[in-house]
Amino acid sequence: MSTWGMSLSSSRSMRRLARLEGWQRHALALACSAVAVGVVTVVIQLLKPVAPVISLGVLYVFAVLAVAGVFGLGYSVLVSVASMLAFNWFFLPPTGSFTLSDSRNWLVLAVYLTVAVVVSTQATRSRSRADDAEQRERETAVLAELATALLQGGKIADQIDEIGRRVALVLDADSARIELGPPHPAGPHESPLPLAAGSRAVGTVYLPDQANPSLRVRKRFLPALSSLLAVAVDRETLAAQALQAETLRQSDAAKTAVLRAASHDFRTPLTSIHAAVEALEAGSIELSETDRRELMTTIRVETERLIRLVSNLLDLSRIQAEAAAPMQELWTPDALVAQAIAALGGNAGDRIQDQVATTLPPVRVDPTHAQRVLVNLIENALRHSPDGEPVSIRATNTRREVIFRVIDRGPGIPADQLEEIFEPFHAGSDGGGAGLGLAIARGFAEANGGRVWAESQPGQGATFAFALPSEQPPE
Amino acid sequence: MSDSGRILVVDDERQILHALTTILRGAGYEVDVAATGAEALAAATIRPPDAIVLDLVLPDMHGTEVCRRLRQTGDTPIVILSAVGEERQKVEALDAGADDYVTKPFGMEELLARLRAVLRRVAPPGEPLHRIGELEIDVEQHRVTFGGKLITLTPTEFSLLRLFAENEGKLLTHRTILKRVWGPAYQVEAHYLHVYISRLRQKIEPNPARPRYLVTETGAGYRLVNPDDQ
């Protein structure tokens, strides 16, 4: 994750020192103390010929200083005493013995001890300030990285593990698990720390039982972490809501467009029917028997058009609402085609040349859906074929699919419209509910795991293909 | 052709009730009407009709429920009126005992033809010989001929054809066919019913690509018809 930097590597050595096991730390401190006293003793021995030994004793202050700075008061007192003893043994007459009768010795010891106390107190204070500053820096760095990562739009769920690792570093624990939302029961060997932003419970951090972050760190870091997580959670919720609202708006816009187009398509047949009925009822108009029959035909044809439009709209709404749950059964391709031709009604079947081998494997499909797909494709082909020209139906199979092809000899479809024509009421549709046929065909095909697409060369007619998953036939 | 008999029409839409009454009276039937399921059940008990035309959606109970209750007391033929989008309920009603259906908006001729078919006495199962158009089925001899030419069928295909022949003109739902041909424990066959029908058609239809005898009622079932009657 690029947003997670490497800023946490500084002063690892000090932290490592602080983390050493107790006895290791003591051993190291003792060794360092001994070395410091030893080194100063050697230096004094070397300088003895050029300066009075009594004034060289002050050099032991350096050993006290160094140990006080690194290991604190306890060891610096030890070094003070050790220095005094070493000075006494090696350099103060009588050498080779501890004689503390001389008041100078007491003075020397007092000076060393004072230095030890003052320096180590200062060192401890500055070290704890440095530690604190470093801890704050770590916290700030983690929070900054967290803010960047979360607000850049990443999903919280994807980052929560990485956040946990960072939080573990800050809280001085081996690991940390963060759960958003209401608290879960903690796992074995885990203790929960609530994450609260103000009065709002954002989640919980679970730390291993042996981790014991300082109260100060918890009070300072956890609220900041909680606030950040709360903002990120809110941002994610709002983004989801915005997406939902946008989807709704778009589907609303689509529905309005369909409704507008549909009401136009309703008005035409209604106007014809209305006019025809009024003409038949009006006493003032003399109608011949032929006229009456023509008006009756108008009413019937336009009524059928309305019926088709309503049933198409119903189908479309079912597909769009994904309510067209298919009841899939095994069907042979030839039976599906035969049934579609029968459903066309009238003598439409006379214009159709179908060649569907009975040896094709069966397909799994809802037969009412398959019928709607084929009928709509065939009706579309009949509508776009010049009068008297036949429409062909073929079927082939690949390893996994049976593909039906409905081929007309109409004007064909320009390449840039091969997809557009599947939109409800697209610009090229010719009313009468026809503008829905292809959209419905595709919708039902897809509801059954199939596909519908157009293949065409302008001027060479159009081919509509309908593919369905095939199965092995029974024995 | 004038028909006779008493028809009970059940629909809560007054306009449709009115239109149906007019059409049926015009065709020679006597007509009783009911606007709810309860009224229909009462009317069927008081004055048993010869057939019932029943809307699927009624204010007090579903048409399927009316079918089920009517079937508890008798076998008066029932023709369902169903709308687009009610396909599943339609099949439920057929499985609950309805004999046939027409889809709203229906044509008058279609409705009258369905009524005639359900009113026609169905050949009793014991009948040895069925003649449907050019199709001849001799149940005792297990012999099927078409236009005098012998057709060889597998035992399953013969059972299917025999069931259809005994119910000539009647709609048989998928479930009915499966139960009657394979027994109540049918399992795997359910998947292959349409495939078996398709094979049967290859043998008995003069042009299997345009079936005229064994016709599909998409999503509901099949019926065997005499093409000369259509």
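Let me begin where the two chains meet: the contact takes 24 residues from chain A and 18 residues from chain B, two residues being in contact if their C-beta atoms, placed from the backbone, lie within 7 Å. This is a predicted model, in which local features need pLDDT of at least 70 and side-chain atom pairs count only at pLDDT 80 or more, while totals for chains, interfaces and linings use all residues. Residues are numbered from 1 along each chain as its sequence is written, and chains are lettered from A, with ligands numbered from 1, in the order in which they are written.

On the side of chain A that touches chain B, helix 9 (289–320), strand 4 (329–331), helix 10 (333–344) and helix 11 (367–384) each supply at least two residues, and helix 10 of chain A gives the most, with seven residues. Helices (H or I, at least four residues) and strands (E, at least two) are DSSP runs, numbered from the N terminus.

Turning to chain B, four strands form an open, antiparallel sheet in the order 6-7-8-9, where two strands pair if DSSP finds at least two bridges between them. Strand 6 (129–132) and strand 9 (149–151) of chain B are the edge strands, each pairing on one side only. Strand 6 is joined to strand 7 (residues 135–138) of chain B by four bridges, and B:Leu129 has B:Asp138 in strand 7 as its bridge partner.

Finally, helix 6 (residues 155–166) of chain B lies across strands 6, 7 and 8 (143–146) of that chain, running at about 105° to strand 7; axes are lines fitted to C-alpha atoms, for helices over the stretch in contact, and angles run from 0 to 180 degrees between N-to-C directions.
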